[in-house]
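Hi everyone, thanks for making time today. I'd like to walk you through one model, going from the whole chain down to a few details.

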Amino acid sequence: MTTNATTVPAYAAPAAGAPLERTTIPRRPVGEHDVMIDIKFAGICHSDIHQARDGWGTGIYPMVPGHEIAGIVTEVGPGVTRFEAGDRVGVGCLVDSCRTCDNCAAGLEQYCTGGSVGTYNALGKDGEPTYGGYSSHIVVDERFTVRIPEGIALDEAAPLLCAGITLYSPLRHWKAGPGKKVAVVGLGGLGHMGVKIAHALGAEVTVLSQSLRKEADGLKLGADHYYATSDESVFEELAGTFDLIVSTVSAPLPLDRYLGLLRTDGAFVNVGAPEEPVSLNLFSVIGGRKTLAGSGIGGLPETQEMLDFCAEHGLGAEIEVISADRINEAYERVLASDVRYRFVIDTSTI
Ligand SMILES: [Zn+2]
Ligand SMILES: [Zn+2]
């Protein structure tokens, strides 16, 4: 057991909006219930960029982003029961929570009301800043560590820890499956996993994208239909069609029009959100008893269920693996929607 903090290499934003650069950070000693993970791959999530640039005004610097972590356990604390050295594991958006509120008790740690701790850009219960996956190692409590089954390559698994679970959770909650018509709005890092998972769950899947630019990809990923929402007639053609629509976009959408695409009792679920408040006409949900909802990542039990499901169905993310010195370039490409569909950092290059 490591009794002293270790210093490990990482890539950090030294200040809000500054390019990321190589540095070193401390990792806490391996505690009673901790595992030390040799990080192999870390996905680049859109929110990494947002936080590195202090988009929410809550940045703690230097900031080491990364909450799509896949690696190998190298060391475990004496109280660890579920993992041993050599295990393939992942860490997502959370590294701690209150563990006692109703939501934590129900395995919905993402909705912890007593204070959950983000994998980076947060303060741990020890008062120290948390540092994310753009580094060589991380120490995490086993409760917030999940197992990556052999069926998924670690690089393709990394994005499942945020993008995968963000889509899996609402698809499961609103019962995407055989006989259900599901639409995914936006075909990016989140949306492409939504298409794969909804298809594997047995739903009839439609992509609603701004243009037909990625249509061939969408169909290959498992979509049955693909429509460009820039074509106004689509909203008439598809009116009353879907049981479930999951929106992954952060641009403000004309909600009344999208709610018109739902059938009776259908749900429109946001996993992406614009920064500004939105408005809608409530008659859009009154007629047809529709639901407008949101969903955020997933709890630890469901994240494990998602990884097991993806392994069983041979699902991983579509990725472009990069070396760490290309992180800043990758950020620009993500902002320009120039990635199909997730950048993953080979952390051996940090
Ligand atoms: Zn994320
Ligand atoms: Zn809690």
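When I say helix or strand, I mean a DSSP run, H or I with at least four residues for helices and E with at least two for strands, numbered from the N terminus. What you see is a predicted model, where local features need pLDDT of at least 70 and side-chain atom pairs count only at pLDDT 80 or more, while totals for chains, interfaces and linings use all residues. Residues are numbered from 1 along each chain as its sequence is written, and chains are lettered from A and ligands numbered from 1 in the order in which they are written.

Let's start with the whole chain. It has 11 helices and 17 strands. Its radius of gyration, taken over C-alpha atoms, is 20 Å, close to the 20 Å from the globule rule for 350 residues, so the chain is as compact as a globular protein of that length. That rule is 2.2 Å times the number of residues to the power 0.38. Along the principal axes, the C-alpha atoms fill a box of roughly 65 × 40 × 35 Å.

Buried residues make up 48% of the 350; buried means 20 or more other C-beta atoms within 10 Å of a residue's own, exposed means 12 or fewer, and partly exposed is in between, with C-beta atoms placed from the backbone.

From the record, UniProt lists residues 17-345 as "domain: Enoyl reductase (ER)" in an unreviewed entry; such annotations may be inferred rather than shown by experiment. Over that range the chain is 25% helix and 26% strand.

Now, the open sheet. In which order do its 6 strands come? They run S12-S11-S10-S13-S14-S15, with parallel pairing; to count as a pair, two strands need at least two DSSP bridges between them. The edges are S12 (225-228) and S15 (291-294), each pairing on one side only. On average, neighbouring strands here are turned by 20 degrees against each other, direction ignored. For angles, axes are lines fitted to C-alpha atoms, for helices over the stretch in contact, and values run from 0 to 180 degrees between N-to-C directions.

Packed on this sheet is helix H5 (residues 189-200), which touches S10, S11 (204-209) and S13, its direction making about 165 degrees with that of S10. Contact here means that C-beta atoms, placed from the backbone, lie within 7 Å. Of the 12 residues of H5, 11 are buried, among them His192, Lys196 and His199. Next comes Gly202, with a positive phi near 100 degrees.

What does Leu315 touch, leaving aside its neighbours within four places in sequence? The contacts are Lys196, Ile197, Ala200 and Cys310. Leu315 sits in the loop between H10 (300-312) and S16 (319-323), and it is buried, because 24 other C-beta atoms lie within 10 Å.

Last stop: strand S17 (residues 342-346). It is largely enclosed by the rest of the structure, because 4 of its 5 residues are buried. S17 runs antiparallel to S3 (residues 34-43), joined by 3 bridges, and there Gly43 has Val344 as its bridge partner. With S16, the pairing of S17 is parallel, over 5 bridges, and Glu320 is partnered with Phe343.

That's my tour; happy to take questions.

Definitions and conventions
Contact = placed C-beta atoms within 7 Å.
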